[in-house]
Amino acid sequence: LPERHTPYEPGPEPEYTDEHEYPDPTLAHQSARVAAGALIGGIIASQAELCPATWFIWSFLAVHLAGVVFLTDYAGETGLVALCATFGLHSGVALSELALWTLGRDGEDSVGPWSLVVIFASVLYLHSFWTECMTLPPDYITSISLFFPMFPAFNAALALSCVELFLEWRYFPENKVWGIAVFIGGVLMACGQALIASACRTAERNFWASCRNMPEEEERPEDFVGLEVPDRRIVQERAYKWERHPAYLGAMIWGVGSQVALCNPVMLILVSFVLWASLLYVALEEEQQLYDEFKAPYANYSALTNCWIPLFNTFLENAAFQREMSDNAEECADDDLDEEEVDDECDEDELDDDCPSEDDMLPTWEGVPKGGALWNRQFREPWLLG
């Protein structure tokens, strides 16, 4: 049966072969200071009522639109710091408006639970940017490090969530917002954000290992240099000990929590399904890559560690089963070809004497790696495998 790995003991700071691979935390510290100052400025602006709170709804959505259209791969340091300041400002306004709404002191321009989503979205973006600045080389830090420009579907869902919230709030003001739902949604988003942060911190550069792979649309493959990951391994500590994809689980919880907090029934169903399907596709692709890279050790890890997103286990186990069946079928085919070449050299008399019986020709478990999906399924579904 598969066995648990020995606990991973962190070693000294990783050493890179190229001096340009070392991260430079200067931008992270600068953006943090600017974002903190902008947050305080946002609180002051909200309390002083310098402009209606609804203005910040449109400005927040406008930043997302600009990010998707114009800033998909922007690397200017000044612009990146300005983006951090923008989200810090919106966080400050949202924090102030959330407090006023909770105390019942908001006015006619109240934005209600929308402030909660703005706060957690800004935290998600700024944390993503901070983590990449502290982990990856400076050449990898672009506007995509803020997360939101990378996924147009996420920005579309954010805009549609805003539309549903304020339309239903306008036409059904008495039945739209439920305090307990807002609280539960906030707790879910906090848990999701904590899981994402824990996954990034535990995996370190392994979290971005896909950056080593050359994009298919790369125009000059000979000049491509992938991300260096000196401690490349299967991460199995902390959250990864009980969940194979903690960041994906955190993203799922975060997405569901945002719609629960906004009391959006339509977008809750839509976001849940689209996010679930998207994460499943990414998880299947990632597990294929990990299996190709680590083979039996990853098969052993995936056999012992569940994925707690609904129905993911079934799909991932079936994919692992088909993958291992295919690999073992190819190995058996190669062995059969070798045996045929040997048999052709034997005499007819020897061939008759050494002819295998029908029992010997039945499939066996010889050569099948222990601990993978194929090996474990013989105990759960023996009638399928013989």
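F147, at 22% relative accessibility, counts as partly exposed, a class that lies between buried (under 20% relative accessible area) and exposed (over 50%), computed with a 1.4 Å probe on protein chains only. The model is predicted, so that local features need pLDDT of at least 70 and side-chain atom pairs count only at pLDDT 80 or more, while totals for chains, interfaces and linings use all residues. Residues are numbered from 1 along each chain as its sequence is written, and side-chain values use heavy atoms, with hydrogens and water left out.

**Aromatic pairs**

Rings of Phe, Tyr and Trp (for Trp, its six-membered ring) are taken as a pair if their centres lie within 6.5 Å, and the pair is called stacked when the planes are under 30 degrees apart, edge-to-face when they are over 60, and tilted for the rest. The count by this rule is 17 aromatic pairs. One of them joins F87 and Y125 in an edge-to-face arrangement, with 4.9 Å centre to centre and 65° between the planes. Because F87 belongs to helix 3 (residues 77–103) and Y125 to helix 4 (residues 114–135), this pair ties together parts that are 38 residues apart in sequence; helices here are DSSP runs of H or I with at least four residues, numbered from the N terminus. F87 is buried, with a relative accessible area of 0%, and Y125 is likewise buried, with a relative accessible area of 0%.

Y125 also pairs with F147, and this pair is stacked, at 6.5 Å centre to centre and 20° between the planes. Distant parts of the chain are linked by this pair, since Y125 lies in helix 4 and F147 in the loop between helix 4 and helix 5 (152–171), 22 residues apart. F87, Y125 and F147 are among the members of one aromatic cluster, which also includes W114, W169 and W254.

**Salt bridges**

A salt bridge is a side-chain nitrogen of Lys or Arg within 4 Å of a carboxyl oxygen of Asp or Glu, and the count by this rule is 5 salt bridges. The table lists some of them.

| Salt bridge | N to O distance |
|---|---|
| E168 and K176 | 2.5 Å |
| R233 and E237 | 2.9 Å |
| R244 and E287 | 2.7 Å |

E168 is buried with a relative accessible area of 19%, whereas K176 counts as buried at 4% relative accessibility.

Key. Helices (H or I, at least four residues) and strands (E, at least two) are DSSP runs, numbered from the N terminus.
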